[in-house]
Structures are given as C-alpha cells and as structure tokens.
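Work through the exercises below with the model open.

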Amino acid sequence: MSTKSRTRSKTRLSRALGIALTPKAARYLEKRPYAPGEHGRTKRKTDSDYAVRLREKQRLRAQYGIREAQLKIAFEEARRAQGLTGENLVEILETRLDALLVRAAIARTTAQARQMVVHRHILVDGQLVDRPSFRVKPGQLIHVKARSEGMEPFQVAAAGGHVDVLPKLPPYLEVEIDKLQARLVRRPKRIEIPVTCEVQLVVEYYAAR
C-alpha cells in the first residue's frame, strides 16, 4: 500500500471511529466531523450494547495500531494484574516502544514509529531493539542509533518538528528531543495517557466473549 493510500485509509478509519489517529486526520476531522460514506452526515440509529462495546474496542486498537491478537494478549495480562482491568490495559499498551516514540515526539505517527524500530534505528539502554511491541521498563532510555541521527526523519524530530502536532509530553517521560532520546521514568497512569477510550466498555466486550 502506498503512503498516500495509507494516509487516506487512516483518515477514513478516524472518521468512522470519531477519533484522530494521525495529525493529518485531526485536521480533516475539523472540516468533516462525521462518519464517511453517503449516510455519514445523518444521525446514526441507536447502536446495540454490543456495537457500542465493539466500537470502543476498535478505537483503542486503532490508536495503538495493533492487531486483535495483540490486544487480547494485553487484556489477559491486565485482567490478571492487581487493580482495574481497563486501566491496567491502557497502561500496559502505553509502555510499547512504538507508542513511547510517538509520545516523545521522536515519531509523528505510530506507523512511522514502527518503521523506525523495524528498520533497526532505535536502541533501548544501548541495545538494538527491532520489535515495536517491546515493553519498555521504568528507568530505561530510548534513543536513536548514532549512525541514524543524520537521516531526514530524525533531523525533523530533533528540531521539534512533531512537538506542536502531538499531545503534550506526559509526565512519565523525560525527553531531550535535540538528542533524540527519552526515558520512561515510571509506569504511566491511565489518567495521564492521551488515549480516547472508555476502557470499561472494552472490558465488558471481552467479558462477554
């Protein structure tokens, strides 16, 4: 799929789910704050409880750009942990390497973050990591490989090119953007994570399966 097609696909999904999945989609939603298709402007009929829960689960999945199987694994881990399952789930997803690259404004989108990791440009505590799903632990340092710093996407990031189009830096990260590095200082708390989701509906979706 071309970059243009991916952008169009993300924008369409953003409209369907009612959330901006990329900075470009956010601008588009300002102009067209309704679902895609010929009936997008009309008021939706009342959705069933199942449809509401399903859509909320899809919203969470789309914001992290993960597969259903990955979300299900994270949910099972969240269910076993102490505390509220829904809050645990988002906190677990937020420690993914690709998610933290976006929060730190080293990447503009989750797709770009994933590409940076898969193409072996990202280190954690000095060790090369090529899995976007890698879980970063508190205290660990994320940084760009020295040989990759001169590449255009990283030069843009180091100059603060993504800072103004992404949510404000959350308090669980310490970032030196000019050095292309970020440290996870502690476990994220659900209230601090810039994700739009009624997590209890996601819990109810899986509980009913």
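**Exercise 1. Find the buried residues of helix 7 and say how they are arranged.**

Step 1. Helix 7 spans residues 110-118, and its buried residues are Thr110, Ala113, Met116 and Val117. Buried means under 20% relative accessible area, exposed means over 50%, and partly exposed lies in between (1.4 Å probe, protein chains only). Helices (H or I, at least four residues) and strands (E, at least two) are DSSP runs, numbered from the N terminus.

Step 2. Viewed down the axis of helix 7, the buried residues fall within an arc of 120°, so they line one face of the helix. The arc is taken over the directions from the helix axis to the C-beta atoms. An α-helix has 3.6 residues a turn, so residues three or four places apart point the same way.

Step 3. These buried residues pack against helix 3 (49-64), helix 6 (97-103), strand 1 (122-124) and helix 8 (152-158). Contact means heavy atoms within 4.5 Å.

A note on the source: this is a predicted model, in which local features need pLDDT of at least 70 and side-chain atom pairs count only at pLDDT 80 or more, while totals for chains, interfaces and linings use all residues. Residues are numbered from 1 along each chain as its sequence is written, and side-chain values use heavy atoms, with hydrogens and water left out.

**Exercise 2. Which phi does arginine 120 take, and where does the residue lie?**

Step 1. Arginine 120 lies in the loop between helix 7 and strand 1.

Step 2. Its phi is positive, about 65°, although arginine 120 is not a glycine. Most residues other than glycine have a negative phi.

Step 3. Arginine 120 counts as partly exposed because its relative accessibility is 41%.

**Exercise 3. Is histidine 162 buried or exposed, and which residues does it touch?**

Step 1. Histidine 162 is in the loop between helix 8 and strand 4 (173-176).

Step 2. The relative accessible area of histidine 162 is 4%, so the residue is buried.

Step 3. Leaving out residues up to four places away in sequence, histidine 162 touches Ala105, Ile106, Ala107, Arg108, Gln112, Pro153, Val156 and Ala157.

**Exercise 4. Characterise the packing of helix 4 against helix 5.**

Step 1. Helix 4 (residues 68-80) and helix 5 (residues 85-94) pack at an angle of about 125°, and their axes are 8 Å apart. Axes are lines fitted to C-alpha atoms, for helices over the stretch in contact, and angles run from 0 to 180 degrees between N-to-C directions.

Step 2. That angle makes helix 4 oblique to helix 5. Angles under 35 degrees count as roughly parallel, over 145 as roughly antiparallel, 65 to 115 as roughly perpendicular and the rest as oblique.

Step 3. The crossing of helix 4 past helix 5 is right-handed. A crossing is right-handed if the near helix is turned clockwise from the far one by less than a right angle, and left-handed if anticlockwise.

Step 4. From helix 4, Leu71, Ala74, Phe75, Glu77, Ala78 and Arg79 meet Thr85, Asn88, Leu89, Ile92 and Leu93 of helix 5. The residues of this contact divide into 7 nonpolar, 2 polar and 2 charged. Ala, Val, Leu, Ile, Met, Phe, Trp, Tyr, Cys and Pro count as nonpolar, Asp, Glu, Lys and Arg as charged, and the others, Gly among them, as polar.
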